[in-house]
Amino acid sequence: MSSAPHIDSVSRAAETPDERQPYAELGMKTDEYVRVKHILGRRPTSCELAIYSVMWSEHCSYKSSKVHLRQFGTKAPESDALLVGMGENAGVVDVGDGWAVTFKIESHNHPSYVEPYQGAATGVGGIVRDIMSMGARPVAVMDSLRFGPADAPDTRRVLPGVVAGIGGYGNSLGLPNIGGEVVFDESYLGNPLVNALCLGVLRKDQIKLATAPGPGNKVVLFGNRTGPDGIGGASVLASATFDEESQAKRPSVQVGDPFTEKVLIECCLELFAADVVVGIQDLGAAGVSCATTELAAKGTGGMDVRLDLVPLRDETLRPEEILMSESQERMMAVVTPEDVDRFMEICAKWDMPATVIGEVTDTGRLRMTWHGELIVDIPPGTAADEGPVYDRPYSRPLDQDELQRRDPAGLPRPDDLRAELLRLLGSPNLASKEWVTAQYDRYVRGNTVLATPADAGLLRIDEVMPGAEPSTRGVAISTDGNGRYTRLDPYAGAQLALAEAYRNVAAVGARPLAVTNCLNFGSPEDPEVMWQFAEAVRGLADACQTLGVPVTGGNVSFYNQTGSTAILPTPVVGVLGVIDDVTNRVRPGFTEEGATVLLLGETREEFGGSEWAHVAHGHLGGLPPAVDLAAERRLAELMAAAAAEGLLLASHDLSDGGLAIALAESCLTGRYGCRVTLPADPFVTLFSESTARMLVAVKPGAESRFAELAAGIAVTELGRTGGDALVIEDLFEISITELRETHTSTLPAIFD
Amino acid sequence: MSTARVGVITFPGSLDDRDAARAVRLAEARAVPLWHADPDLHGVDAVILPGGFSYGDYLRAGAIARFAPVMQELIPAARAGLPVLGICNGFQVLCESHLLPGALIRNENLHFGCHDQRLRVENTETAWTSEYSPGQEVVIPVKNGEGRYVADAATLSELEREGRVVARYLGVNPNGSMNDIAGVTNEAGNVVGLMPHPEHAIEELTGPGTDGLPFFTSVLKRLVNA
């Protein structure tokens, strides 16, 4: 037609079957392209090719990971708490009193390397919209971050930008940032990890799903206008290895507008409360392509869309670009015809542009037109759910045995334990992260009960929603991961990440309920990386089964490598728990004198992958600490029982840096020091990283009751809280002032 | 519960509005939501402008909010003596509205900062601080990116001379504010702007303590006695 003479319509595609198409440039393999032709019975139009290329990209289709991820389903433990499992935008967990929470973690690694501020900011924006699309109010965020060495020049470029981006976006949304991690390691220098988690709260009978049922229902696009943001970002940026050309990719990183997102949140919640939404989906990677195909595939099966009705920020955008645009702060809703007016009224109240762009059908086809011409006509499920699945070859790395033989037992041990403790406490991975977390708002919404440096973030549930009843409950969440452990043994490493997050949730007195994960690995086309991935997934699925905590969803990020060198395999695991009475939470830190300091769990000589071996010797070898899930479970049950009875003044999980760091941090977080006696070899007792251990301070008078509850768990009495120093009897003492100076000066010295 | 009604304005981009409303309720008054586009104060007895990023604050913090329909009612009412508390972004809006002197600019270190802050309450004669004792030291969270209070020398000396500095930072000055100023009041003492967030220090469970509550009980006492 005259207005758009060069549109590649369906009829044109049928007439020009042999026209060469740039599928390879869009990241598609020849056999994948052939499969599209087979599905359609003709060559795809350029718009259809755009849809298939993004929907079948690794990022959207999980084509290399799917065969492994199935274990999270097949091995899922029985759980009364799980309301929505994997496969939706985020999992939903029942926390009682009619309340449910939804949570998910997602990576934004590559964009954050190219443009740290916007990459990290839009990472927060994307995960928040995932949570909104479940019908929930987002109530908190946290971020799990990994960078190259702290003092590397590029880290000074990337870290401040990432932190400012997370703060700039998250703070403007009014979401408290209540925890997370900051880890430094050489392997992340050219490929930092930025994993963002969001937590949302909803009434359990108000869950929304990404579905488009009911022929005749309207499809509404609302939020920001569509512009040329991140076009091809999903398949190009998220799936390509970094090399010298990455500077040229700067324009493909999306730009965030947190103000619009904040208004979008309030607008969505009002839409949900008015009950005018049948189905909803956020627009993230692959934008309109993803939202339309997924909604249609999960609904009645068909949808007609007039693509020329999509409101544009740039009127010159072509339909292929509209389909691939990753413009932020957009949502798509399915609304009954009767409710459209009310829907539009609410959007108008919030000055939120909203446009009906299509209609649900029962044709089984996703059909799109552009000024009257048919440009897309596909079965939506073939793009959304039936993408290619690869069972990629994997093999144990050739150096794995040698790595595991490189036992840290032979490393020279320090004579001066006092100096060694301070050296570790001031090392970038263990030093105070206040330089980072002080840039995040932890207080907004007024429900933050615990945040960094507590082991887990803890929120009171106090939301105004239709049908809401008051609740005393709180929700705890923690993320953890250890790339060094996972490098040494990926099966155990993933389990150790789960065990630590689980233990952190238990430390505040909450019962762990469910899991989310973000699996950051190198190229799946490298069999040795694929082995790490397969082992890690197997380990995590097995451990979730043993601990009784189902995986509710998550994200896989492949191609995290610089050249052919992969990052340390880094599964980041988030665990969510619930505490029935949030006022019973256990705080970190020695805030009173005279409490009995106990070490729970057994300490073995375990230094493989430890922070001590890393800091003191730059050593990575041997085996990571032994996993003991039964002991983790007993410990968690003890903590929940002791918290409920109010026996504990303080708690802190033992992990990186061992007892030495746990003691030092407990002194720093509270106002008081402690005086303790070590039961065995001082070096091993102080720095070993044996798992299933916790440091607790028992309130005066509660000792015998605690001992009763702790039957069956190794309990070592170390000493008492009090004084203004960490005193290790017969060895050394360090004033809190000196501990604080050492702990807090490292990051400001590098980044200020 | 008292019958005093305290309005809390929500602009698009307001974030701490429900926190402010909770503080009003804990002080045993009624919180009345006010909407930026509604030019009506609905007969409230006092008004709080909460923290956040009104209209995104992409221009200059508070610069657009100052022109909101509700502000056209609030500005004359404040001049006529209505108790008004602006917290953080609210303080910025009050300065942009010229209800308070001075301005708030980008923090000296250019970072957003969130800390538990020690403060000294310097003026206990205002509508919002009468429940404090003179010189009382308190801990209240401060969180801002543009919280650095500045004013010209004449204004500054007038504020000091007239005792219109309501609160001052103790220890570390978190944003480079002149004279460590954390909050100021107008000549009449009914309008107070405060960079720290007293609404985040009203419950032991969720804040560093309850040192912020007297801001909200002060105004209530004033309304009941009026």
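Colleague: How do you know that the reach of helix α20 of chain A is close to the one expected?

Modeller: Helix α20(A), residues 527–547, has 21 residues and reaches 30 Å from its first C-alpha to its last. The expected span is 1.5 Å times one less than the number of residues, and for α20(A) this comes to 30 Å. A helix here is a DSSP run of H or I with at least four residues, a strand is a run of E with at least two, and both are numbered from the N terminus. After α20(A) comes A:Gly548, whose phi is positive, near 75°. This is a predicted model, in which local features need pLDDT of at least 70 and side-chain atom pairs count only at pLDDT 80 or more, while totals for chains, interfaces and linings use all residues. Residues are numbered from 1 along each chain as its sequence is written, with chains lettered from A and ligands numbered from 1 in the order of writing.

Colleague: What makes helix α7 of chain A mostly covered?

Modeller: In α7(A), 17 of the 17 residues are buried. A residue is buried if 20 or more other C-beta atoms lie within 10 Å of its own, exposed if 12 or fewer, and partly exposed in between, with C-beta atoms placed from the backbone. Helix α7(A), residues 116–132, reaches 25 Å, close to the 24 Å expected.

Colleague: Why is strand β4 of chain A called largely enclosed?

Modeller: Strand β4(A), residues 137–147, has 11 of its 11 residues buried, so the rest of the structure largely encloses it. Strand β6(A), residues 193–203, pairs with β4(A) in the antiparallel sense over nine bridges; two strands pair if DSSP finds at least two bridges between them. One bridge joins A:Met142 to A:Leu197 in β6(A). Strand β5(A), residues 177–184, pairs with β4(A) in the parallel sense over six bridges, and A:Asp143 has A:Gly180 as its partner in β5(A).

Colleague: Which elements make a right-handed β-α-β unit with β4(A)?

Modeller: The other members are helix α8(A), residues 153–173, and β5(A). A crossover is right-handed if, with the strands pointing away from the viewer, the path from the first strand over the helix to the second runs clockwise.

Colleague: Why is chain A called as compact as a globular protein of its length?

Modeller: Chain A has 26 helices and 28 strands. Its radius of gyration is 26 Å, close to the 27 Å that the globule rule gives for 752 residues, so chain A is as compact as a globular protein of that length. The radius is taken over C-alpha atoms, and the rule is 2.2 Å times the number of residues to the power 0.38. Of the residues of chain A, 63% count as buried.

Colleague: What does the globule rule say of chain B?

Modeller: Chain B has five helices and 11 strands. The rule gives 17 Å for its 226 residues, and the radius of gyration is 16 Å, so chain B too is as compact as a globular protein of that length. In chain B, 58% of the residues count as buried.

Colleague: Is A:Asp730 buried or exposed, and how do you know?

Modeller: A:Asp730 has 8 other C-beta atoms within 10 Å, so this residue is exposed. A:Asp730 lies in the loop between β27 and β28 (732–735) of chain A, and has a positive phi of about 70° although it is not a glycine. Most residues other than glycine have a negative phi, and most peptide bonds are trans.

Colleague: What does B:Asp57 count as, and why?

Modeller: B:Asp57 has 22 C-beta neighbours inside 10 Å, so this residue counts as buried. Its phi is also positive, near 50°, and its place is the loop between β3 (46–49) and α2 (69–79) of chain B.

Colleague: What kind of peptide bond joins A:Thr452 and A:Pro453?

Modeller: The bond is cis, with omega about 10°. A:Pro453 is in the loop between β14 and β15 (457–460) of chain A.
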